[in-house]
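Visitor: I would like to learn how to read the features of a protein model, one at a time. Could you take me through this one?

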Amino acid sequence: MTLVSGWGRFPVVDSELLRPRSFEAVGEAVVTGSVARGNGRAYGDAAIGAVRTIAMTGFDRVRSFDPVTGRIRLEAGVLLSDLIDTFGPRGFLPFVVPGTRFVSVGGAIAADVHGKNHHCEGGFGRYVDSILLRTGQGETIEASREQNSDAFFATVGGMGLTGVILEATMRLRPVETGWIRERVISASDLDSAMRALDAGDSATYSVAWIDCAARGSELGRSLIYLGEHAGTDELADGAGAFPVGKNPGLAVPVDLPSMTLNRYNIRAFNELYYRMGARRAGGSHVVSLYPYFFPLDSLSDWNRIYGRRGFLQHQCVIPELGARAVLGEILDRVARRGDASFLAVLKKLGQGDGILSFPLPGYTLALDFPVKGDILNFLDEIDRLVVAAGGRLYLAKDARQSRATFEAGYPALRRFNAIRKSLDPAGTIRSKLSQRLFDEV
């Protein structure tokens, strides 16, 4: 057995970790209590098998690519970073990317990851045409919107519980360059931030960084980043059409002491970050796609900043109606608590495509917390606010929500469970997350 965790490094559990090298070996690895794992960037326990975890990063080959349509067939272990670095210079990028490029295609489908453009272009699964799926009962099926459609829509956002994704066929976005035309807006409080996001609905990309240490009249003060793909005519002289994607130049070599992230350091960092961002507000700037989409990827092993006990990310979505009051209450409680993350994000979402896809029309707020003290009780209190508002939590980031919170937030759960059972009647595919939230007790 091996100690396995998600990116948040909480919980850490025993699971047999296998690295098969053929699809036949994947089939042999699927036993009761197994689940697939991509690059381990789910934050909690979604990609940890109840008994056996099947690592899929060895399956990293591109099967075919059409340079006219941008249609690509590839194995599930291909990382988004591979797609960007290989096909970006050829004029194609993924339609949707999350906050890190080090995510596997299989993991991106299983979580139906969303990016800064969900409000207008939807999630990752919208651009997937078909999936090759190895089910728990030993069959390998092709699933698409037209063929085995129930399996397709249950797999998109289904957290790996419908089977092991082996391959996918998807569409890439044609682009002229790998640069983003960015506009920064400074918002003095939460109301101003939400108005700026609403006004930015026509932008392809929009996201807000929130100062979680701000209180009183400055509660929710933010920097809003709007973005569009830049054309070649917008580049500075001498700039190549595609920027060089650098591997992380810096790393966190050790687990930092828990005292490192205290309210004083966070407050000082946020004050500096806000002031620096506010100086750039008003105009537009052309920036590389790498810092725009993946600001933390430049720092390897940044999860070690939170210490050896790890951290929890709480990402919720609140329906638009009444969102201001709920978000204000959450941010006020976080500010008074004083140990929130230095990178807190607010975005707008549209409707998700998969049966268990996280997004719904409204606002999503993502916050990081070190695992210490009474944090679990505190987050239970926040969950109650989310549920009362008709919201829910993102399964790809979750490590601790209760079954009651989960069931309240996902009304399509009964339909998902019926499809899951039809694909895996014996209940072979089981993860630590499914044990906690889905499976019969």
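This is a predicted model: local features need pLDDT of at least 70, side-chain atom pairs count only at pLDDT 80 or more; totals for chains, interfaces and linings use all residues.

Visitor: Which other ring has the charged end of a lysine over it?

Guide: That ring belongs to Tyr 292, and the charged end of Lys 116 sits over it, 5.6 Å from the ring centre.

Visitor: How many aromatic pairs does a search of the whole structure find, and how should I read the geometry of one of them?

Guide: The search finds 20 aromatic pairs across the whole structure. To read a pair, one looks at the distance between ring centres and at the angle between planes, where an angle over 60 degrees counts as edge-to-face. For Tyr 205 and Phe 293 the centres are 4.9 Å apart and the planes stand at 75°, so this pair is edge-to-face. The pair links distant parts of the chain, with Tyr 205 in strand β12 (residues 205-210) and Phe 293 in helix α8 (residues 289-293), 88 residues apart.

Visitor: Are Tyr 205 and Phe 293 buried or exposed?

Guide: Both Tyr 205 and Phe 293 are buried. In the protein as a whole, 59% of the 441 residues count as buried.

Visitor: Why does Arg 221 count as buried?

Guide: Burial is judged by relative accessible area, with under 20% as the cut-off. Arg 221 has 5% relative accessibility and therefore counts as buried. Its place is in the loop between β12 and β13 (222-229), and its C-alpha atom is separated by 8.7 Å from that of Asp 191, which is 30 residues away along the chain.

Visitor: What is the volume of the second largest pocket, and how does its lining divide?

Guide: The volume is about 290 Å³, and the lining residues divide into 3 nonpolar, 2 polar and 6 charged. Among them are Arg 420, Lys 421, Asp 424, Phe 438 and Glu 440.

Visitor: How many helices and strands are there in the protein, and why can its overall form be called as compact as a globular protein of that length?

Guide: There are 13 helices and 20 strands. The radius of gyration is 21 Å, close to the 22 Å that the globule rule gives for 441 residues, so the protein is as compact as a globular protein of that length. Taken along the principal axes, its C-alpha atoms fill a box of roughly 55 × 55 × 45 Å.

Note on methods: Residues are numbered from 1 along each chain as its sequence is written. Side-chain values use heavy atoms; hydrogens and water are left out. Rings of Phe, Tyr and Trp (its six-membered ring) pair if their centres lie within 6.5 Å; planes under 30 degrees apart count as stacked, over 60 as edge-to-face and the rest as tilted. Helices (H or I, at least four residues) and strands (E, at least two) are DSSP runs, numbered from the N terminus. Buried means under 20% relative accessible area, exposed over 50%, partly exposed in between (1.4 Å probe, protein chains only). A charge sits over a ring if NZ of Lys or CZ of Arg is within 6 Å of the ring centre and within 35 degrees of the ring normal. On a 1 Å grid over the protein atoms alone, a cavity is a set of points where a 1.4 Å probe fits but cannot get out, and a pocket is an open set with protein on both sides within 12 Å along at least five of seven lines; lining residues have an atom within 4 Å of a point. Grid points are joined across faces, edges and corners, and a volume is the space filled by probe spheres set on the points. Ala, Val, Leu, Ile, Met, Phe, Trp, Tyr, Cys and Pro count as nonpolar, Asp, Glu, Lys and Arg as charged, and the others, Gly among them, as polar. The radius of gyration is taken over C-alpha atoms; the globule rule is 2.2 Å times the number of residues to the power 0.38.
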